[in-house]
Amino acid sequence: MRDRGRLGPLEWATAGRPFPGEEACGDRAVVIDSGAGTGLLAVIDGLGHGPAAAVAADLAAETIADNRGEPLAALMLLCHQSLTETRGAAITLAAYADGAVQWAGVGNVTATLVASTANGSRSVSSAPLSSGVVGYLYPQTLQQMTLPMHTGDLLVLVSDGIVGDYLDQVDLAKPAEVIAAEILRRCAKPTDDAMVLTARHRGAVV
Ligand SMILES: [Mn+2]
């Protein structure tokens, strides 16, 4: 499961696969272009794996697509409401607009922004994750954060099927597609679905 594209100044790519031996994958990556260089990136992990997890993930993906204009908190709540008849999901949403990322998660889909600093080192920021299950147990407060995203910065969203120090060997100069594929190959655990979504800020839109 691979895809790639452009979203304003972001070059994005996905790499994923189901639980080895299964056909249905309960992990989804969603990228929505809202126009004018803005949009939404999300990774959804339907609880567990297999067909029932895929049903929850598909419904969440549809809800996000159908309500793309809503603010982040409203979008997450709408996902919760539409997933009540399913087994639920972990979801992390990242909205990109005007050189900034606003993000929030419920459950354990991790999102990080890797930025290269002037002295050649890296700074890594992570999205706030509220504990709960979308569709089943909604957090009392959805933690949200907004931070700047500059040219060269890399956004990485992974389901919990990706384990270990998956950012360690990431070369920020590589295309988003290569980075996503390498993380999947190196860090997908054999006992779950796995999904990686990467987006690299390429600077001015051409
Ligand atoms: Mn999982």
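Colleague: Leaving aside its neighbours within four places in sequence, which residues is Ala94 in contact with?

Modeller: This is a predicted model, in which local features need pLDDT of at least 70 and side-chain atom pairs count only at pLDDT 80 or more, while totals for chains, interfaces and linings use all residues. Residues are numbered from 1 along each chain as its sequence is written. Two residues are in contact if their C-beta atoms, placed from the backbone, lie within 7 Å. With neighbours up to four places away set aside, the partners of Ala94 are Leu41, Ala42, Val101, Trp103, Ala111, Ala127, Leu155 and Leu157.

Colleague: How many residues are in the largest nonpolar core?

Modeller: A nonpolar core is a set of buried Ala, Val, Leu, Ile, Met, Phe, Trp, Tyr and Cys residues joined through C-beta atoms within 7 Å. A residue is buried if 20 or more other C-beta atoms lie within 10 Å of its own, exposed if 12 or fewer, and partly exposed in between. Leu41, Ala60, Ile91, Ala94 and Leu155 have the most contacts inside the largest core. The size of that core is 61 residues.

Colleague: How many of the nine residues of β4 are buried?

Modeller: Strands (E, at least two residues) and helices (H or I, at least four) are DSSP runs numbered from the N terminus. By that count β4 covers residues 38-46 and is mostly covered. The number of buried residues in β4 is eight.

Colleague: Which residue in β5 stands opposite Leu40?

Modeller: Two strands pair if DSSP finds at least two bridges between them. β4 pairs with β3 (residues 27-35) in the antiparallel sense over eight bridges, and Thr38 is the bridge partner of Gly35 there. Eight bridges also join β4 to β5 (residues 89-97), again antiparallel. In β5, the residue opposite Leu40 is Ala95.

Colleague: Is Thr92 buried or exposed?

Modeller: Thr92 is in strand β5, and its contacts beyond four places in sequence include Ala42, Trp103 and Leu157. Its C-alpha atom is 9.2 Å from that of Val158, which is 66 residues away along the chain. Thr92 has 27 C-beta neighbours inside 10 Å, so it counts as buried.

Colleague: What is the average twist from one strand to the next in the open sheet?

Modeller: The open sheet has six strands with antiparallel pairing, in the order β1-β2-β12-β11-β7-β8. Its edge strands, which pair on one side only, are β1 (2-7) and β8 (122-126). Angles run from 0 to 180 degrees between N-to-C directions, with axes fitted to C-alpha atoms (for helices, over the stretch in contact). The twist averages 15 degrees.

Colleague: Which strands does helix α3 touch?

Modeller: Inside the sheet, β2 (residues 10-17) and β12 (residues 194-201) run antiparallel and are joined by eight bridges; Thr14 stands opposite Leu197 of β12. Helix α3 (residues 176-187) packs on this sheet, its direction making about 25 degrees with that of β2. The strands touched by α3 are β1, β2, β11 and β12.

Colleague: What is the handedness of the crossing of α1 and α2?

Modeller: Helices α1 (residues 51-66) and α2 (residues 72-82) pack at about 140 degrees, with their axes 9 Å apart. Angles under 35 degrees count as roughly parallel, over 145 as roughly antiparallel, 65 to 115 as roughly perpendicular and the rest as oblique, so α1 and α2 are oblique to each other. A crossing is left-handed if the near helix is turned anticlockwise from the far one by less than a right angle, and right-handed if clockwise. The crossing of α1 and α2 is right-handed.

Colleague: Which residues of α1 and α2 make the contact?

Modeller: Both helices contribute to the contact. From α1 come Leu59, Ala60, Thr63 and Ile64, and from α2 come Leu75, Leu78, Cys79 and Ser82.

Colleague: What is the phi of Ala36?

Modeller: Most residues other than glycine have a negative phi. Ala36 lies in the loop between β3 and β4, and is exposed, with 9 other C-beta atoms within 10 Å. Although Ala36 is not a glycine, its phi is positive, at about 55 degrees.

Colleague: Where is Asp98, which also has a positive phi?

Modeller: Asp98 is not a glycine, yet its phi is about 50 degrees. Asp98 is exposed, with 10 other C-beta atoms within 10 Å. Its place is the loop between β5 and β6 (100-106).
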